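Work through the exercises below with the sequence and the 3D view side by side. Try each task before reading its solution.

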Amino acid sequence: MKEREIEFNYFYKMFREEYRKNIVKTRREKQLNDCNDGLLEILTMTYTKGEILQLYENSLFQVCVNYLSLADSSMNILPNNSLEFVTEILNEIEENPYQKSFLASLQFIFQDYFECLEIGRPILFSSEEDSNDSYMEMVLDSQYKITQFETMNMDLLEQTKTMTKVLILESHRQLGPISKVKYYYRKDI
């Protein structure tokens, strides 16, 4: 029996749906029961950065729980912080049909986080070289916002682990250094 193909962004779509559900839930809790779901999503423009990050936190946590369930993971201790949860999953991840989609989706989810933190919406490039060096280049623009990540000789898991480390540091307003990350500042962009 052939396993069904899992979309590369399956968990990102799940994250966006969880985010939408959390918006509806929080707006209803704020006594806006007479609004329809579409209007509730539009009203997110009135959310603060902290409120949006909390919605992301709740949504990512649920995605992690769903991933563990779908992957039939034996992980039984769940951190209460979603980025710590992601880190634990990445440290214990095992080969399964959902693994690639989860890792790729995390990179899209992290773009949303970076944008909300107002530090850019980096795109990711990946390439291979003949050398054995593996690293990630992080390009910053003239406003010190992250414009791109370019990985060299890194597999999807290593890319995602590195992006997770960068996001955790950025969310705490800390700078690296992070092993295997090279920083490039470009004044021309």
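**Exercise 1. The core**

Which residues touch the most other members of the largest nonpolar core?

Solution. Start with the rule: a nonpolar core is a set of buried Ala, Val, Leu, Ile, Met, Phe, Trp, Tyr and Cys residues joined through side-chain atoms within 4.5 Å. Buried means under 20% relative accessible area, exposed over 50%, and partly exposed in between (1.4 Å probe, protein chains only). The largest core has 47 residues, and Leu60, Tyr67, Phe102, Phe110 and Phe114 touch the most other members. At least two residues each come from α1, α3 (49-70), α4 (82-92), α5, β2 (135-140), β3 (146-152) and α6. These helices (H or I, at least four residues) and strands (E, at least two) are DSSP runs, numbered from the N terminus.

Keep the ground rules in mind. This is a predicted model, where local features need pLDDT of at least 70 and side-chain atom pairs count only at pLDDT 80 or more, while totals for chains, interfaces and linings use all residues. Residues are numbered from 1 along each chain as its sequence is written, and side-chain values use heavy atoms, with hydrogens and water left out.

Now take Leu60. Contact means heavy atoms within 4.5 Å. Beyond its neighbours within four places in sequence, Leu60 contacts Phe15, Ser82, Leu83, Val86, Leu106, Ile109 and Tyr113.

**Exercise 2. Helix lengths**

What span should helix α5 have at 1.5 Å a residue?

Solution. The expected span is 1.5 Å times one less than the number of residues. Helix α5 (residues 99-116) has 18 residues, so it should span 26 Å; its end C-alpha atoms are 26 Å apart, which agrees. Next, α6: its 16 residues should span 22 Å, and its end C-alpha atoms are 22 Å apart, in agreement. Last, α1: its 20 residues reach 29 Å from the first C-alpha to the last, close to the expected 28 Å.

**Exercise 3. Salt bridges**

How many salt bridges does the rule give?

Solution. The rule asks for a side-chain nitrogen of Lys or Arg within 4 Å of a carboxyl oxygen of Asp or Glu. The count is 8.

- Glu18 and Lys21 pair at 3.8 Å, N to O. Both lie in helix α1 (residues 10-29), 3 residues apart, about one turn of the helix. Glu18 is buried at 14%, whereas Lys21 is partly exposed at 42%.
- Glu115 and Arg121 pair with their closest N and O atoms 3.1 Å apart. Glu115 is partly exposed at 46%, and Arg121 is partly exposed at 35%. A salt-bridge network links Arg16, Asp112, Glu115 and Arg121.
- Glu158 and Lys180 pair at 2.9 Å, N to O. Glu158 lies in helix α6 (residues 156-171) and Lys180 in the loop between α6 and β4 (181-185), so the pair ties together parts 22 residues apart in sequence.

**Exercise 4. Positive phi**

Where is Tyr144 found?

Solution. First the background: most residues other than glycine have a negative phi. Tyr144 is in the loop between β2 and β3. Though not a glycine, Tyr144 has a positive phi of about 65°. Tyr144 is exposed, at 54%. Lys180, also not a glycine, has a positive phi of about 70°, and is partly exposed at 41%.
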